[in-house]
Amino acid sequence: MKVSEFPTLLGQTLKGCMKMAVQSRRPSLRSVDDPRPLVIMGNGPSLRNVLDTRPAILSQAALMSVNFAALAPEFFELKPQYYVMADGVFFSNDPDNANLVKLHTALASVDWPMTIIVPRNFRKSLPKSITANANLTVRTINAVGVEGFGWFERSFYSSRLAMPRPRNVLIVSLMAGIWLGYKKIYITGADHSWMQTIAVDEQNRVISVQPHFYKDSSSEQRRVNSVYEGYHLHDIIMSFYVAFRSYHRIQAWASRRGVTILNATPDSFIDAFPRQPLP
């Protein structure tokens, strides 16, 4: 650490302490005794190839799905052990959001044991149709992003009170996977190739295309477009910066804990984790 960095790190550390004091509580997520690797299935387009060519490894691993994955027919074939949602949109219970209604219906119909992992502050916003399903267990985590001195970050990651800034659901999923106790984690479907598709139209509106392995409905495309309304290009690029930086923080902390994270997504833009295809 350079002397000139001390004031900034001190300020970040103090801010992190205040955030945790207000937002963090004891999480209900606990470690499991499972020697299998964990495969986190992001919803990027490359996941299609994994589903088509790697069914054997998927059947032998613990699986974690995210966001709108339950709308894909493969969800009910794969029967993942874990499901992670972190964005507030999934807990809005908006009856006019057709995709959200379908998602809640799909999760409520799960007929195998599955753990739903959500930020602690959203636990009470889950629909009763989900919490009433005896096959589903809801566990909470503290999706509270902190920065500061290295020892400070590592200490509170380990205590499960904080994580690197959770800019997207993969960051939350990786931290959940480590807290669950998995020693080998594969990342699939995490293309993160947004920089190849981002554009600015003639009205200076930022357009960010985020393709998935399934086909988005027109209503979901409109919702995503509305999310970007009012944001400038530098705002979007800063969001990318925060996400990719968080991956490096996770990799550094995971290595200290003896956890191996492998990026099995071909041509992924994530540069923090070693690359290795699924076996």
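Strands E6 and E9 pair in the parallel sense over 4 bridges; strands (E, at least two residues) and helices (H or I, at least four) are DSSP runs numbered from the N terminus, and two strands pair if DSSP finds at least two bridges between them. In this pairing, the bridge partner of isoleucine 185 is isoleucine 261 in E9. The model is predicted: local features need pLDDT of at least 70 and side-chain atom pairs count only at pLDDT 80 or more, whereas totals for chains, interfaces and linings use all residues. Residues are numbered from 1 along each chain as its sequence is written, and side-chain values use heavy atoms, with hydrogens and water left out.

**The sheet**

E6 and E9 belong to an open sheet of 7 strands with parallel pairing, in the order E5-E4-E3-E2-E1-E6-E9. Strand E5 (136-141) and strand E9 (260-263) stand at the edges, each with a single partner strand, so one side of each lacks a neighbour in the sheet. Direction ignored, neighbouring strands are turned by 25° against each other on average.

| Strand pair | Sense | Bridges | Facing residues |
|---|---|---|---|
| E4 and E5 | parallel | 6 bridges | Valine 118 and threonine 140 |
| E3 and E4 | parallel | 3 bridges | Tyrosine 83 and isoleucine 116 |
| E1 and E6 | parallel | 4 bridges | Valine 39 and tyrosine 186 |
| E6 and E9 | parallel | 4 bridges | Isoleucine 185 and isoleucine 261 |

In E4, 6 of its 6 residues are buried, where buried means under 20% relative accessible area, exposed over 50% and partly exposed in between (1.4 Å probe, protein chains only). In E6, 4 of the 5 residues are buried, so this strand is largely enclosed by the rest of the structure.

**Helix packing**

Helices H8 and H10 pack with their axes 10 Å apart, at an angle of about 10°; axes are lines fitted to C-alpha atoms, for helices over the stretch in contact, and angles run from 0 to 180 degrees between N-to-C directions. The two helices are therefore roughly parallel to each other, a class that takes angles under 35 degrees, while over 145 counts as roughly antiparallel, 65 to 115 as roughly perpendicular and the rest as oblique. The contact (heavy atoms within 4.5 Å) involves Leu170, Ile171, Leu174, Met175, Ile178 and Trp179 of H8, together with Ala243, Ser246, Tyr247, Ile250, Trp253 and Ala254 of H10.

**Nonpolar cores**

A nonpolar core is a set of buried Ala, Val, Leu, Ile, Met, Phe, Trp, Tyr and Cys residues joined through side-chain atoms within 4.5 Å. The largest one has 49 residues, of which Met64, Ile117, Leu174, Ile185, Tyr247, Ile261 and Phe273 touch the most other members. Among the elements that each supply at least two residues are helix H1 (6-23), strand E2 (62-66), helix H8 (169-180), strand E6 (184-188) and helix H10 (233-256). H8 gives the largest share of this core, 10 residues. A second, separate core of 22 residues includes Ala70, Phe75, Ile130 and Leu136.

Tyrosine 247 is in contact with Asn168, Leu170, Ile171, Leu174, His192, Ile270, Ala272 and Phe273, leaving aside its neighbours within four places in sequence.

**An exposed loop residue**

Arginine 26 lies in the loop between H1 and E1 and is exposed, with a relative accessible area of 70%. Arginine 26 and arginine 160 are 134 residues apart in sequence, and their C-alpha atoms are 7.9 Å apart in space.
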